[in-house]
Structures are given as structure tokens and as C-alpha cells.
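Work through the two exercises below with the structure open. Try each task before reading its solution.

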Amino acid sequence: MTSLSSESEEFFDVEEGEGSVLLKGEAKKHPDYSKIDELFLGDKDCLVKALEIVSSFEKSHSDDFKFLCYLSCACVLNHPLYAREEPDLSQKKVLIERGIKAGKSALAIDPNSAEAHKWYAAAVGSKAEYLGFTEKLGNAKEFKKHVEIALEIDPEDYFANFLYGRLLFEFSKLNWFERAAASRLLSPVPSDCFTEALKHFLKAEKGCPRPWKEVYYYLMQCSLSKGDIEDSIRYAGIGAKLPAYSEEESRLHPEFEKTLSKYSAC
């Protein structure tokens with residue numbers, strides 16, 4: 001998310017109560033977006049705190065475009081903290097649906113916003129964790145549509161590039177039958193998905209405000225699939241040293257060690 005500029009911050013007085021600011025001359029509190037931005041880049045506790053702060057403004061800011069983008073973002077960043085099995089799965093689903101609803105509301109206010117398309121797509125794409133293959137296809141079509149719009153508006157956005165890289169990477173892993181079905185629904189699809197996915201992950205790496213373990217996992221996997229062992233070892237080395245901020249990143253961590261163990265001696 002975009003932090004408040006220094007010029008904007010001059011017009012805010014910080015209220016008592018964490019995560020809120022008050023416009024001079026107004027009685028309505030507003031979220032302290034600069035603080036929330038900082039929390040978004042932190043560990044699990046920071047992400048949970050960010051969601052708590054954003055949620056506290058949900059009733060009063062339900063028609064505020066910027067707030068809705070932040071709410072969708074907070075839900076997208078928090079759902080990976082929960083495992084894919086019960087009892088965590090129920091909470092994961094609730095967060096994802098909240099993110100979808102907020103993203104859709106933001107799009108209704110501004111259909112030309114890259115931020116709104118990106119976070120709506122991210123929330124929609126998160127449903128793939130618990131959908132069957134047929135449902136995933138319909139979901140992927142909606143996801144692809146909005147990520148492509150986000151990238152058309154802002155081609156350098158690191159998170160939108162990460163999302164599109166994920167789509168291409170997952171497509172490349174399908175068996176021939178699944179790929180044929182997906183190709184009809186998601187057309188056009190690049191002939192070399194790993195190469196295209198790698199391009200997007202490299203943009204995500206370049207633009208991300210902090211080193212991101214999950215990005216290095218996909219850079220490593222794409223490099224392995226292309227036979228670039230040297231690059232895969234380099235990415236594995238970087239990823240293995242980074243902290244895991246979510247259940248998903250904890251699940252991926254052993255893959256870095258496996259790659260280093262298998263190929264470092266070659």
C-alpha cells in the first residue's frame with residue numbers, strides 16, 4: 001500500500017489510541033495509514049495488529065475507497081497466518097471472504113484503480129487453497145482478469161507481478177488434461193510459463209520493500225524448472241536465511257534446504 005506523504009501528514013493530529021489520526025477541524029477519526037504500512041512489512045504479530053487497527057474502523061469507513069483497499073490488503077496478508085486445516089481453515093475462509101467483499105466495494109467506487117483490482121484479485125485467488133479443480137478454474141478466470149487490469153494500469157507493481165507469476169507457475173504444474181481445460185478458460189496462456197513467471201517474480205523481487213521469502217521460493221523453483229542450477233542455488237541461499245512470517249512460508253522453508261543439499265555439492 002502507498003504510505004501517506006510527508007505533505008499529507010502535516011494536516012493530521014495523532015489521536016490517543018493506536019493506529020488512528022484526526023483531521024484538524026473534524027470529529028471523525030481516520031486510520032493512521034503510515035503506521036499500518038509499517039505493520040504490513042513486519043512479522044506475524046505486526047500483521048495481526050494491522051488487521052486489528054483496520055477492523056476497528058470498518059463500520060465508520062465502509063464507503064471509504066482507500067480504507068476498503070487497506071481492509072482487503074489486511075485480509076490477504078493475514079489469511080496465510082492460518083493453516084489449511086481445521087480449526088484454522090474456517091478463520092482463513094472468513095478473512096478471504098472479507099477481503100473479497102472489501103475489494104469488490106473498492107472497485108465499485110473506482111473501477112480504474114490498480115490498487116483495487118490488485119487486492120480484489122489477491123483475495124479471489126486466495127480461495128484456490130480450498131476449492132476443487134473445476135471451481136478453481138472459474139475462480140482463476142476472475143483472478144487473471146483483475147491482475148491483468150492492475151498490471152495494465154501499473155506494470156511495475158511488485159505485488160501484482162507476484163500474483164501473475166503465481167498464476168503462470170501454478171498453470172505450468174498442471175497435468176495435460178488439467179492444462180487443456182485451463183487453456184480454454186484462461187486463454188491466452190504463454191507457451192513457456194516458467195520463463196514468463198520468472199520475469200514477473202524478478203519484478204516482484206526488485207519492487208518489494210523488504211526481502212520476501214516466498215518470492216525467493218518461486219524464483220528458485222522457476223530456475224530449477226529451466227535448468228538454471230546456479231541461479232536456483234543462489235535464490236535458495238537467500239530464501240533459507242529469511243524469516244518465515246506465515247504458515248505458508250514455514251511450509252516452504254524445507255524446500256530451500258532441500259535444494260541447497262541436493263545441488264550445492266554439484
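**Exercise 1. Describe how helix H4 (residues 65-78) and helix H6 (residues 114-126) pack in this predicted model.**

Solution. 

Step 1. Start with the axes. Those of H4 and H6 come within 9 Å. They cross at roughly 30°.

Step 2. Classify the angle. Angles under 35 degrees count as roughly parallel. H4 and H6 are therefore roughly parallel to each other.

Step 3. Assign the hand. The crossing of H4 with H6 is left-handed.

Step 4. List the contact residues. H4 contributes Phe65, Cys69, Ser72, Cys73 and Val76. H6 contributes Glu115, Ala116, Trp119, Tyr120, Ala122 and Ala123.

Step 5. Sort them by class. The contact of H4 with H6 has nine nonpolar residues, one polar and one charged.

**Exercise 2. Find how many cavities of 30 Å³ or more the model has, then describe the lining of the largest cavity.**

Solution. 

Step 1. Count. The model has one cavity of 30 Å³ or more.

Step 2. Give the volume. For the largest cavity, this is about 50 Å³.

Step 3. Name the lining. Lys144, Tyr164, Leu167, Leu168 and Phe171 belong to it, along with Leu186, Pro188, Val189 and Pro190.

Step 4. Sort the lining by class. Eight residues are nonpolar, none is polar and one is charged. Lys counts as charged, and Lys144 is in the lining.

How values were computed: Residues numbered from 1 in each chain as written. Predicted model: local features only at pLDDT ≥ 70, side-chain atom pairs only at ≥ 80, totals over all residues. Heavy atoms only, no water. 1 Å grid on protein atoms, 1.4 Å probe; cavity = no way out; pocket = protein on both sides within 12 Å on 5 of 7 lines; lining within 4 Å. Points joined across faces, edges and corners; volume = space filled by probe spheres on them. Axes fitted to C-alpha atoms, helices over the stretch in contact; angles between N-to-C directions. Helix = DSSP H or I, 4+ residues; strand = E, 2+ residues; numbered from the N terminus. Parallel < 35°, antiparallel > 145°, perpendicular 65-115°, else oblique. Left-handed = near helix turned anticlockwise from the far one by under 90°. Contact = heavy atoms within 4.5 Å.
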